[in-house]
Amino acid sequence: MTHLLVVHAGPATTVQDAGRLAWQHLGVAPAGFADRLLAALGNALVGNPLDAAALEWTQHGDALQVVGGPVRVAVAAWVDVRVDGYPVPPFRSLRLQEGQLLTVGPLLRGRHGVLAVAGGVQAPPVLGSRSVHARTGIGGELLAPGDRVPVLADTQSTPDRSLPSELVPQPQPLVRVLPGPQRALFQPDALPTLLAHPWRVLAGDRMGLRLQGPPLPLLPGAEPISEGVVTGALQVPPSGQPIALGPDRQTIGGYAKLAVVISADLRHLAQVRDGENLLFSLVDQLQAYEALVAAQAELRSLLARIAAVHDVLAFESPRLLRLLS
Amino acid sequence: MKVEAVGDAALRVTVAETPGAEASARVRALDAALRAAALPGVRAIVPAYTTLLVHFDPLAAGLVLLSDAIAAVAPQTVAPPQRRWHIAATYDGEDLDAVAAQLGLSPAAVVAQHSAAQYAVACLGFAPGFAYLTGLPTALHVPRRASPRPQIPAGSLIVGGQQTAVMPLPLPSGWHILGRTHLALFDAARAEPSLLLPGDWVRFVPTAAALLATAAVRCEALP
């Protein structure tokens, strides 16, 4: 069975797809890609549906050896990628032969990157999705050395495809928010304080980001009733320091939510790194919708720029030389 | 009933001001109606104590139109609770003595009160199959631990604040451990993955450790 053998694992690599949104009423976290744009581009480069299952890593990628190849892959991230030690560009599909070693290094920008595989990662779906929620083990665990990532052998000899990486919009530490429905539980100056100051990311994972800045005080005696929460919610525990919820968030939460990041900017929220500063700006529902439509249009124009390439990469030439000799 | 946007991809429907049996019944009635209505663009419906959160795809459903459609859905008449779970519990948890001391009760009195009460599943959250149980006797209300434990065993019977629960998976928790159960609260391979569902009644039956696995759980169908 064709697979990618994990030789070295990054700190937090998981299989992801669109997530399992529909099971939240049973307490099942949605999970799913943190940066849907990168996932869509990676999948498009290998000819997949845009939300096919792929590997998403955090901070540092993995070293994977092809077994039962060839296998077609594409890395969507700003990162050093190598095949058998030869550098290859990201945002480009590659056909890897049996035994070849793909090494994905530390991210140069952002928190997450995506490794897409033609045909999609063949992990068994759980509740309609292959996304891993590592905290509860739904869908699987973090990738570990020795794991075998099931994939499909690439039977089509289509040319490699690439996207000029300078076209890919980089993550920005500026995200737009809508006021949260529980803002009435806060002191009147809480929302202006959120908007007026940079927020330092103390630590984060796929569940959420802990932010540091001036306190966002709740009104005395404010006792929110636990309710359903959304990805991108800025919830404020009694400490007054907000937590921005990510795709591995809980389904229900008891902390008051001051604001919610708009759908179009969730990828920017997911990509901010520990130690960086985030800035929030306020928009209304119409602006949020227009931003999402604009993001969709941008994705379509990027997909249209993916084109076949016919150059020979350095890692392919030793093989060519052997074949010619 | 009040419908408000939560960000640009969810609507919160509030059906009651305060949690309780009345609020839970209204939440369940609207939950059933919204699922039956299958409104286009809806991705998930998450019932809680006094609210339901309707997640939707903003490119497939307009916020205003969906909001109006939700407001127009008539809550379904739902049957009163029809199941009562009798869950075997061994009250030998590491926090039992400390909780008893904090409440000014003997450990035996804590066990007696906890196992005499009948609980209702208000909603599921925190983890797959984690049921928030209401109905903890006031005498057993206890603040959560100052520092949460990084992991407690699956099956732990816990109390925190005004609630009690059984932990479905090994997870971090700031609640106090009173004892343990032997339950598969969540199994993704089952047709109904969660054992407990909103509206169910739950009782805990003090059980010797040696009998815990065999006694485990019994479901009583209510007339």
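Which residue of chain B forms a salt bridge with Glu227(A)? It's Arg12(B), and the closest N and O atoms are 2.9 Å apart.

This is a predicted model, where local features need pLDDT of at least 70, side-chain atom pairs count only at pLDDT 80 or more, and totals for chains, interfaces and linings use all residues. Residues are numbered from 1 along each chain as its sequence is written, chains are lettered from A and ligands numbered from 1 in the order in which they are written, and side-chain values use heavy atoms, with hydrogens and water left out.

**View 1. The salt bridge between the chains.** Across the interface of chain B and chain A there is 1 salt bridge (a side-chain nitrogen of Lys or Arg within 4 Å of a carboxyl oxygen of Asp or Glu).

**View 2. Where chain B meets chain A.** Chain B puts 40 residues into the contact and chain A puts in 35 residues (contact means heavy atoms within 4.5 Å). About 3000 Å² is buried between them, with 67% of that from carbon and sulfur atoms (buried area is the accessible area, 1.4 Å probe, that two parts lose on being put together, summed over both). Asp8(B), Leu59(B) and Phe126(B) supply 18% of the area that chain B buries here, more than any other three residues.

**View 3. Two domains of chain B.** Domain 1 covers 2–73 and domain 2 covers 83–221, bounds that come from an automatic or database domain assignment. Their C-alpha centres lie 29 Å apart. Here 5 residues of domain 1 are in contact with 7 residues of domain 2, burying about 450 Å². On the domain 1 side, Arg28(B), Pro47(B) and Tyr49(B) lose the most area, together 78% of what that side buries.
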